[in-house]
Amino acid sequence: MRLVILILGVALVSTFFLTESSLILTREQVERDQTTILRNTAGRMAFNLRNDLSARADEVQFFAELPILEEGELSNDEIRELLSYIKEAYPHYAWVGLVDMQGTIIQDADNLLVDASVAQRNWFTEGTKALYFGDAHEAILLAKLLSSGDDESLPLRLVDISAPIKGENGDVKYVIGTHLNLEWAHELQRDMLLQLNDPDVEILVFNSDGNLILDSDSNSPNKQQDVETFFKRQLNDQASFSSKQLTWPDAENYLTVTVHPDEPVNSPTLGWSVVARKPISAVYKPASVIARQIVISSVIIFAAFMLLIWFAVKRSLKPLEELAELADRIRESEAHAAIPELEGNSEVARFSRSLTKLVNDLTHKNRELLLAERMFFDNSLAIMVTDAQRQIIRVNRAFSEFTGYSEEEALGNKPSILSSGRHQEEFYDDMNVSLREHGSWRGEIWNKHKSGRIYPEHLTIIALTDAQGEVTHYIAMFDDITEQKNRDKNLERLRNFDPLTRLPNREAGIRAVEKTLDQAAEEGTEVTLILIDIAGFKSVNEVHGHEQGDNLIKQVARRLNSVAMLHGYMSRWGGDEFLICARNCSRERAENIIERLMNAMASPFFTTDDEQHLTIHCGVSRYPQDAEDAATLLRFADIALLESKKLRNIQTLFYSSDMNDSIVRHLEIENALRHSVEHDFDGFELFYQPQYWADSLTIKGFEALLRWRMGDKRPVPPDLFIPLAESNGLIEPIGEWVLKQACQTLKEFSSEYAQRLTMSVNVSGIQLQKSGFLDRLRSLVDAQEVGYEQLIIEVTETAFVANEAQANEVLADIRAAGFGVSIDDFGTGYASLDYIQRFRPTEIKVDQLFVQKMLTDEHCLNIVKFTLNLAESMKLEVVAEGVETQEQLDALKSMGKVIAQGYLLERPLPLDQLRELMSDV
């Protein structure tokens, strides 16, 4: 009996110890999680404030540099119309005006303060020097002028942004000033708190002097003064952020995270600090709930264990006494000896073994129960369990975070409380059919938060059945994919706009032309396409370098767009080419537009070295006179531009039907290409560019690059003959020849160097769409006896967007067969995260444009970082193309695991030179 009491005592102490340890760990984990949430909240708020201020600064700087303002030829009405356009472009501009050098307002968007003097205002005096940011301040007079009649808008809190407007000689002629309503920051704050969906979290913003400029809740001036005094005492912490428990002036203890300014005062952040805080009582509330559940579970387990022991004692008292005597004898003979597990088949021996196993099983099950509970409640996915009648019986913490419904509110209800109303009955009918026939359903669905916010989620439902096949429960797991959707939108924006000039890119320009032609066909109007090339830009770029060249491109784009925006739509067509699509444009009007473009280019451009005089060539085609479809009109404009560049002394040419030289050249190349294919691919050759692991500079594999020379041995660029091959049906035999040659080379090096090298081969989207492509691919690889995983099929983003359904199916089959799949030129085409998630490529290639500019262009750097983060999260490999400098390679190394390819490491080599390279490895 004493042994029984001892066992019960040990079990009780162990249960208490395990329970207490779990509670401590739970509180620590909750505090870490809440600190991370607050840190991310404050960081995102600071990031959004900086981004919005930067965007406003770019707008003000852009309009300050408009040639039409620099020339000073606009009337007062035209100036006010332009200022009104600026104010309407962003809803939180409270006031926009133009000031002369005497400090007198000559015009504003609302015609409120014309002739008023602002000569003593900081935003004017500082704005005559350079782009200026002012700290938040109150503007009672302006608020009264803009007020609709109530006093709720008083006082108005503003941030001043101003910039000088210079003339052609560089002297400041005017100052453009804007007052940005701080309500913009309130909207950011409200959106942030709404997304966070935690009523206990507060966001506060302080300026560089420690004054409170943004609060989650309007309070009395005395409270604001106390908070400001308290915060100023905390400014000695110079870390980029800090997190600690602080007792604030309201005597409440808060978990507080502060993001401090990390830039100069006149940066877009203005030296503001963002504080996110949450009461300690609210921080540990989830831990209290978990603690109660752990205690209840432990008590139940202990009670069950004690009941089993008591029952065993009642049935086998005598064997237990014998076991106790045996234990006593062991203790008397050897105090530290453990009670042995008795051998034999006696009742005592069997009971001792059963008791030992029971104790071990209960301990193991207790651990499994705690682990299962922890995995359920702490899972990042929201989990909901219903019974067979679809009433909710269990939810986890993530469910409450995503939906806004607490566990108490959800239990007993049906999942329809989350219905957004966006889906038709057919949608739910299909879901139920899938659950009945397959036992599961997964897909994307729109649901409604308790607050009424509609959000997208990725949902998986599993039906659990008993031995008879009857449904007993349903388990639903989902994740809020709002951020993923936003990332797709950002990627779509990057896809449509040129990162250097911020003009629409080539793909967006083509879509705009097609849309404009459709509208013109309906309205019976004319359309003019003007393709522009900067004459001599290549030599300027080579002499002054790419950085100065990029600066000139941006200056040219601003001047040309100041003319084009009045008549239509302008996009960046290529390196130094731009396209203007002018709506409702006759020939006479087109000539007038071109004259204004020439005038805009007449003034010199300035670099850090000296000034540059640039001219342009224009090729013009017109709808419907020249053609009625976008592709033909663009081709005719390109032909006219080429002819203009050949003539040199003629800057502009309108397309005419006798411009056929370029067409003849294309026919010559096409005939020669067909002859080469028909004569055993005469003139074709594969070059191979090695790919290296950036961190170790060891060879990972190669990319096969196709080269071709015509019968007269003239080399033809791939971007010229490959599109021809795609259009005339020759791409399929050429593509199979390339795959065969690449596999032969791969076999040679794999067997010779005993290394699992990879070979990347570009495949046209037309090849993918041909039936039986995968079977032919298998045959080619099997004939060379190389591993499927060694061959990587490269496709551009546009290759699988052209015929999404078919291409996705083929790529998925290629991946399932074991081949690698790589997305080439990632970020320049149309692919979204959704496409990548569907067929799961093995590799993403960052386009060389972004790699070569990432050290000088923040947008390109962000694209490279985004691609690496995306690849890491999806366990994909990343190849960075176009690595030409050691600085680029070092930057890539610092970002993570990446494969480098470029002239810094090795140029594309013919096969014999590649053998020499590999012999030295």
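A surface patch is built from residues with over 30% relative accessible area and no salt bridge, joining like charges within 9 Å and nonpolar side chains (Val, Leu, Ile, Met, Phe, Trp, Tyr) within 5 Å. A salt bridge is a side-chain nitrogen of Lys or Arg within 4 Å of a carboxyl oxygen of Asp or Glu. Areas come from the Shrake-Rupley method with a 1.4 Å probe, and for residues only the protein chains shown count as cover.

This model is predicted: local features need pLDDT of at least 70, side-chain atom pairs need 80 or more, and totals for chains, interfaces and linings use all residues. Numbering starts from 1 along each chain as its sequence is written, and side-chain values use heavy atoms, without hydrogens or water.

Tyr85, Met565 and Leu566 make a nonpolar patch of about 310 Å². Tyr85 sits in helix α3 (residues 76-89). Helices (H or I, at least four residues) and strands (E, at least two) are DSSP runs, numbered from the N terminus.

Now the sheet. Five strands form an open, antiparallel sheet in the order β13-β12-β16-β15-β14. Its edge strands are β13 (392-395) and β14, each pairing on one side only. Strands pair if DSSP finds at least two bridges between them.

| Antiparallel pair | Bridges | Opposite residues |
|---|---|---|
| β14 (residues 440-448) and β15 (residues 454-465) | 9 bridges | Trp446 and Pro456 |
| β12 (residues 382-387) and β16 (residues 471-480) | 6 bridges | Val385 and Ile475 |

The hairpin of β14 and β15 has 5 residues between the strands. There, Gly452 takes a positive phi near 105 degrees.

Note on methods. Buried < 20%, exposed > 50% of the residue type's maximum accessible area, 1.4 Å probe, protein only.
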